[in-house]
Amino acid sequence: MPVLSPKNTVQPRRLACLGVDWRAERSLKATLALLDGRTREPWAFGEGLAADVVIYEPGNPLAQALQRRESPSSPRQLFVPCDGETADAQRRLRHPFGASRLIRCLDHASEVLPAPRREPVGDSLCQRIDEALHSPGVRGVALLTGERRGLLLPAEAALRWPLPLDGDEIARLLAPGVEIQLLRADDYAALRKLQAITPQQHAWEAPLWTIGVATSGGRLLRRLSEARAYGLRRRPDFGTVGGRKSDLRCSALLLQAPMTPGQLASTAGIPPAVANNFLNAAALCELLDGVPAELAARESGVRSGELF
């Protein structure tokens, strides 16, 4: 029997959304699914920001901050406004999305961007930070990105940072390759050193929320369960991401009754990945209360039609 060599597989480029209404995102996914074989390179839709092309809502401050970090002459990612004006006709998309315009946009990206990068290996940044913050005996979690050094302090629910934590600085926390170091009591010297070089102390909710919704990749945190119902203690501080329609809807639902991830997605009318990102962000900020799904169903009696 002849030995068959494995076929060469082409790694698809990735397309993602940021701050875009979930209906527009769903429309984009459907249009992308129709383009199989019609673009210069294969493309796939992904959650999170590890993408070659990011479709963003023009007024989203996080998207603007991330775009400012890209070099105009040699960008690593292409940021394309959705329903926005731009001088470059190849970088303009409108909802509902037309296949021909999307093809032109993606082929333009293939021309100007470097070779597709590999799929990220290992856990998401959200997962890694969540596990670090819940490790036994943790006193602090160091965040290392480029020349910046930050320090998460669980006891104070604070993030220490060397500069004011505006959109551009939060964007640094979302860059690929952020390193995390777990600091315990015997790391006192390292803790003191980091505190000395990070004079700005901020409430950590806004940056952690951004990390949760932007880096989860649609995958539920391991400490959360599809079979458990979760309620929200209070409305989150959406920070740089802003109060997107899907986040406002999920907040309203979970403030009234606990729901499982599946129930939340179904009742809110959003994709499961979007619901998972919301729950991860809320969990990272310690805003969730969990109860067994059966108990939540008995006690709430809430139907989606009663909420909206």
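**Close-up views of a predicted model**

**View 1. Surroundings of Asp130.** Leaving aside residues up to four places away in sequence, Asp130 touches Leu221, Arg223 and Leu284, where contact means heavy atoms within 4.5 Å. This is a predicted model, in which local features need pLDDT of at least 70 and side-chain atom pairs count only at pLDDT 80 or more, whereas totals for chains, interfaces and linings use all residues. Residues are numbered from 1 along each chain as its sequence is written, and side-chain values use heavy atoms, with hydrogens and water left out. Asp130 is found in helix α4 (residues 125-133), helices being DSSP runs of H or I with at least four residues, numbered from the N terminus. Asp130 is buried, with a relative accessible area of 2% (buried means under 20% relative accessible area, with a 1.4 Å probe and protein chains only). The side chains of Asp130 and Arg223 are joined by a polar contact of 2.8 Å (a pair of N or O atoms within 3.5 Å; within protein, one must be able to donate a hydrogen and the other to accept it, and residues adjacent in sequence count only if both atoms are side-chain atoms).

**View 2. Helix α7 and Ile211.** Because 11 of the 11 residues of helix α7 (residues 205-215) are buried, this helix is largely enclosed by the rest of the structure. Among the residues that Ile211 touches, not counting those up to four places away in sequence, are Leu125, Ile129 and Leu284.

**View 3. The largest nonpolar core.** This core has 61 residues, and helix α10 (residues 272-284) gives the most to it, with eight residues. A nonpolar core is a set of buried Ala, Val, Leu, Ile, Met, Phe, Trp, Tyr and Cys residues joined through side-chain atoms within 4.5 Å.

Notes: Buried means under 20% relative accessible area, exposed over 50%, partly exposed in between (1.4 Å probe, protein chains only). Helices (H or I, at least four residues) and strands (E, at least two) are DSSP runs, numbered from the N terminus.
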